[in-house]
Amino acid sequence: MIVQIAKHSGFCYGVKRAVQILDDLIESNNGQKKVFTLGPIIHNNQVTEYYEEKGVKIIEKLTDFVDNRVDGDRLVIRSHGAPKFVYDLAEAQGFVVYDATCPYVKKIQNTVSSYHLKGYNIIIVGDMNHPEVLGINGWCDESATIMNNLHDVENMKPSDEPFCIVAQTTFNLSTWDQMIDLFSKKLSNVIINNTICLATEQRQNACVELSKSVDFMIVIGGKHSSNTRKLVEICSKNATTIHIETKDDLVDVSMFKSDTKIGIAAGASTPDWIVESVILKIENEGEVFFDGKSQFNG
Ligand code: SF4
């Protein structure tokens, strides 16, 4: 069988950077202070387990009192970023904050913050429950209107007021384009910032291309990872597609015949060792001699 990996698969720049910040912190800290992350450092259970084994603890919400914490403990803000109040609260609780917010996300936070101060209405195009969107909204006093689809824009009243629109970095590009067309018709004073990350666009385009040329697509990434789920959606339009987290989810390798063309794509939070272990499982017809994890270095 022919196995091909989509270009731009796996860790993006922001995720690599966040993981590196956490790795450097663990190394320099040398067990002296407790290390916490606000939410899992990335949306990948296997990576989360890897860091748990290294003593990193996850705080789900900073509003909760954190047990066994002492002044000077470390708190890492992951690549999705966090609302402004979280930084204030972390400082008030005595944490030393390590900010691993992706610089592209930080730029969106700065944009909404400055336009909010200038009196603009803020619209975030994205998923209202996604931590990145919640984080961005936290830089304009939670004043943003969050819209996710064309229907939301259709329901909007035309307005002459000033608006600033930004997108969740992982938002679907073609839906964004359609929404922007409609926004431009309804809003006469609008600043539109296409803040969809290039990594997302490249990864999505590579998936479209590869899924058109194969029989079967395997998309590897966390079940809760929004960017991985979008790759599944895109690939499903062109090829039979399955979404797996690890090689263990790939139960029946015998369904692949010798002439099956298989495409593999990985979400932004999927480490290379997981991709490699899936390929090895396919190539060895289900027998796995090596799980690749020993290669993971962040
Ligand atoms: S997808 Fe883009 S914006 Fe999001 S973390 Fe990766 S590089 Fe940053």
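Analyst: A salt bridge is a side-chain nitrogen of Lys or Arg within 4 Å of a carboxyl oxygen of Asp or Glu. Between domain 1 and domain 3 the count is 0. This is a predicted model: local features need pLDDT of at least 70, side-chain atom pairs count only at pLDDT 80 or more, and totals for chains, interfaces and linings use all residues. Residues are numbered from 1 along each chain as its sequence is written, and side-chain values use heavy atoms, without hydrogens and water.

User: How do you know that domain 1 and domain 3 are in contact?

Analyst: Contact means heavy atoms within 4.5 Å. By that rule, 7 residues of domain 1 are in contact with 7 residues of domain 3.

User: What area do domain 1 and domain 3 bury between them?

Analyst: About 560 Å², with 48% of it on carbon and sulfur atoms. Buried area is the accessible area (1.4 Å probe) that two parts lose on being put together, summed over both. Thr200, Ser226 and Lys230 supply 54% of the area that domain 1 buries against domain 3.

User: Which helix gives the largest share of the side of domain 1 that touches domain 3?

Analyst: α9, with 4 residues. Helices here are DSSP runs (H or I, at least four residues), numbered from the N terminus.

How values were computed:
Helix = DSSP H or I, 4+ residues; strand = E, 2+ residues; numbered from the N terminus.
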